[in-house]
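Biologist: I would like to learn how the features of a model like this one are read, taking each general idea before the particular case. Could we begin once the structure is on the screen?

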Amino acid sequence: MKKKKVFVKRMRQHLLLLLILFTFAFVFLTGAIIYININKGKKYSQRVLNQKNFESIAVPFKRGDIFDRNGSILATSNKVYNLVIEPKNILKDEDKRIATTNALSTYFGVTAEEMGGYLADSESLYKVIRKRLPYEDVKKFQDFTNSKEGEDVIGIWFEDQYIRSYPNNELACHLLGFVVSGNEGIGGIEGSYNSYLNGQDGRIYAYLSEDYSLQKKIEPAVDGCSLVTTIDTEIQRIVQKYCDAYMENVGAKNVSVLVMNPSNCEVLALYNCHQYNPNDAYDISACKYQFETSKSFMSDEEFKAYAEKMSDEEKLDALNNLWRNFVISDSFEPGSTFKTFTIAGAIEDGVLSGDEQFVCDGHQQVYDYDISCVNRSGHGTLSVEEALSYSCNDCLMQIAALEGPTIFDKYQQLFGFGQRTNIDIPGEASSADLAYMIYHRDTLNPVELATSSFGQGVTVTMMQLGTAFCSAINGGYYYQPHVVKQVIDSDGNVIESYDKMLVRRTISEETSARMRDMLFAVVEEGSGSKAFIPGYKIGGKTGTAEKLPRGEGRYILSFIGFAPADDPQVVVYCVVDEPYLEDQATSGAGAVLFNGIARELLPYMNIYKTGTYEEPEENDAEYAAAPIFEGDAPENSVAGQESDEDSEDSEDGEDDGSEDDAVDGEDGYYEESYEDYYEESYEDDYYEESYDDSDSGDDSEW
C-alpha cells in the first residue's frame, strides 16, 4: 500500500508538469495564430485562394457620354462582350465537354483545333477566347444554353467591355477629340475632360472551393461622368455643309469656321475643313490633303501606294497635323478685322469722339517705309465710321498714331490679344509664346504701330479674335470661351455648371453700341456687302491679310459677322486660307462663306428678318488689297518673327510662314516682362473712371 501512494504522488507531479507545459504551448500557439492573422493574414489568405484557383477579374467602368446642348449624343461608350471559358470545369465531364465544344463551334466559330489549345491549360478557370462580341451574338447563344438542348453546356460566361463610339463620324471631330486604349482621351473634349469622363474599374474575385463550387465576390465599377456641351449639332451640320461645298466648288489650303454666342462666349460650332473620323482616328488616308497643292492632286490609289512607303514617324507627323485644331492652335495675321479693336480702344479712351474726319491719299509715309492703303488712289476725306466701312488703312494708321503705343497696347491686352483665352479644350499655346505674337508698348515703334492698326504684323488665333469680337459687341464684357455647360455624374446629378465666366470689362456699353452701328454700316454701305442678306440686320468686318513673303498674291480672307446688329445673338467667324482662285484678294471669300452659312443658320436659330433693307452696291474697297509696303518691306514685319528666312515658303507646302504655329511653352512671361506694365496701365482708378457711369448690366456677373 505504501508503494502505491508514492507512485500516485509521482504521477500527479508529472501530470501537473505536463499540464503546465501544454498550457504554455497552447498560450504560445494561440498568440502566434493571433499575431500571424493580424500581420500576415491577407498574405496567407491569398496563398490559400491561389491554391484554390483564385481569379481576380476587372469589371470595366462605362466612360461618360458627351451630349450636345439639345441632348443629342456626340460620343458614347457601347457595351460589347468578351467570351470567357473555364477549362477546368469543362473537362470534368466528357459529355458536357463535347456539348460545350459543339456550341462554341456553332455560335462563335471556335474550331476543334482552337478548342484543344484552350483546354490544354486544364487548371485554368479564366481564358478569354473571343473579344468585342455584339449583344445580338451573345443573346443567341444565351437563348440556346437556356433551352433544353443547351443544358449540358458548362464553363462559359461573358465579361463586359466598352468601346468608344462617335455616331456622327467626322462631325465636330476637332471639338470632340478621340479615345485610345486605356480610356485615354486625346485632343478636344475627350482630352481636356478625361478625368471627369473616366470612372473606376470594379473587380470580381472568384475561387473554386473544396467542394468545387465557384465562389464570387463583386466590387461594382463606378461609371464616369457625362458632359453636356454648348455645341449645337444642327449648327455644326450647317457649317460643315457650306464649308464642304466651298471646298468642292472652289477649294482652299484651309477653311475654318467658329460660331459663338456673344452673350456668354459659348462655342456653338467649330469646324476645320480637313477632318477625320474619331472612330478610326489613325486612318492615314485622311491625311492625303497634306501632300497635294492647288495644282497637284492625288487619287486615293496613288496616295495609298505613297503612304505604304512612309515611315512610322512620317505617318505620325501627318496624323498630328490632321488632328491639329486650327481655330485654337494656329496664329495668323487677321487683316482688317483687327481694325474693330483699334477704333473701339480709341473711342473708349477718348482719343476719338467719333466726329473726326481723316484724309486718305492712298498711302502713309512712316520713317523710310511707304505703307499702302487698300485703295492706292486714296479714299479722300472719311469719317471714323467710313474709315471702318471702307476699311481704310491710311485712316487707321492715323488713328493709331493718335492713340500711341501705350493706349494701343492697353486695348490689345484688354481684348485678350497676346494672351490665352483659356478655352476648355487643349491646343492653345502658352502665355509666353502668345505674348510674342503681338507688338507691345516697348516694341510698338512707328512702323509696327502703323501696320498693327490694320491687322498686319500682329498675329492672333481665331479663338482670340472671336472672343474679343464678342466683347466688342456685347456691351464690353469679356467672357472666357467654353464648350462644356454641365458635368453630370452617373446618377444624373449636376456636379459642375458653367455659364457666364466674366474675366473683365473691355469697353463701356456706350462704346460697344457705337461699334455695333459702325459694323452694321460695314455690311450695309462698305466692304462687307458680300455678307448682306435681305431682311436681316447684319454687322461685321472683312479681313484680307497678305501672307509672307509679301507681294506674292497669297492671302488669308476672313469675315466675322453677327446678327441682329442691334441685339447680337450669334457671331460667325469664317477664315479661308489661300482660296484656289487666280485673284485671291478680290474674292471676298470669308464674306461669301458667311453669307451661305448665315442664310440657313439664322432661321434655324429663330432669328427673324426685321426689315426690308435694300441690297447695297458691292464695294470692292476691301477686296482691292495691295501689298502693304511700296518697295522693300522691313526684315521683321511680323511680331515674333525671327528672320525673313523663317518665313520663306517651302515648295512642298509644309510651312509657308503665314501662320505662326502655336507651340507649348512655359507660362510666366507676363510676370517677368509686363509686371510693371500692368501696374501702370491697369490701376483700379482706370475702371472707376471708365465704368462708374456706364450701364454695366447685372452686377452679379462681376
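Biologist: How do the residues of the lining of the second largest pocket divide into nonpolar, polar and charged?

Modeller: Before the case itself, note that this is a predicted model, in which local features need pLDDT of at least 70 and side-chain atom pairs count only at pLDDT 80 or more, while totals for chains, interfaces and linings use all residues. Residues are numbered from 1 along each chain as its sequence is written, and side-chain values use heavy atoms, with hydrogens and water left out. As for the classes, Ala, Val, Leu, Ile, Met, Phe, Trp, Tyr, Cys and Pro count as nonpolar, Asp, Glu, Lys and Arg as charged, and the others, Gly among them, as polar. On that scheme the lining of the second largest pocket holds 15 nonpolar, 6 polar and 6 charged residues.

Biologist: What is the volume of the second largest pocket, and which residues are the closest to its centre?

Modeller: A pocket is an open set of points, on a 1 Å grid over the protein atoms alone, where a 1.4 Å probe fits and protein lies on both sides within 12 Å along at least five of seven lines; lining residues have an atom within 4 Å of a point. Grid points are joined across faces, edges and corners, and the volume is the space filled by probe spheres set on the points. Here that gives about 640 Å³ for the second largest pocket. Of its 27 lining residues, Arg132, Gln161, Tyr162, Ser181 and Gly182 are the closest to the centre. Strand 1 (55-59), strand 5 (156-165) and strand 6 (178-180) are the elements that give two or more residues to this lining, and the largest share, 6 residues, comes from strand 5. Strands (E, at least two residues) and helices (H or I, at least four) are DSSP runs numbered from the N terminus.

Biologist: Is helix 13 mostly covered or mostly open, and how many of its residues are buried?

Modeller: Buried means under 20% relative accessible area, exposed over 50%, and partly exposed in between, with a 1.4 Å probe and protein chains only. Helix 13 (residues 339-348) is mostly covered, since 10 of its 10 residues are buried, including Lys339 and Glu348. Just after helix 13, Gly350 takes a positive phi of about 80°.

Biologist: Which residue does Lys547 pair with in a salt bridge?

Modeller: Side chains of opposite charge can pair when their charged atoms come close. The rule for a salt bridge is a side-chain nitrogen of Lys or Arg within 4 Å of a carboxyl oxygen of Asp or Glu, and the count by this rule comes to 19. Lys547 forms a salt bridge with Glu578, with the closest N and O atoms 2.7 Å apart. This pair links distant parts of the chain, 31 residues apart, with Lys547 in the loop between strand 23 (539-546) and strand 24 (555-563) and Glu578 in strand 25 (residues 570-579). Lys547 is buried, at a relative accessible area of 3%, and Glu578 is buried as well, at 14%. Lys547, Glu552, Arg554, Asp577 and Glu578 are linked in a network of salt bridges.

Biologist: Are Arg324 and Asp330 buried or partly exposed?

Modeller: Arg324 counts as partly exposed because its relative accessibility is 27%, whereas Asp330 counts as buried at 7%. The two form a salt bridge, the closest N and O atoms being 2.5 Å apart.
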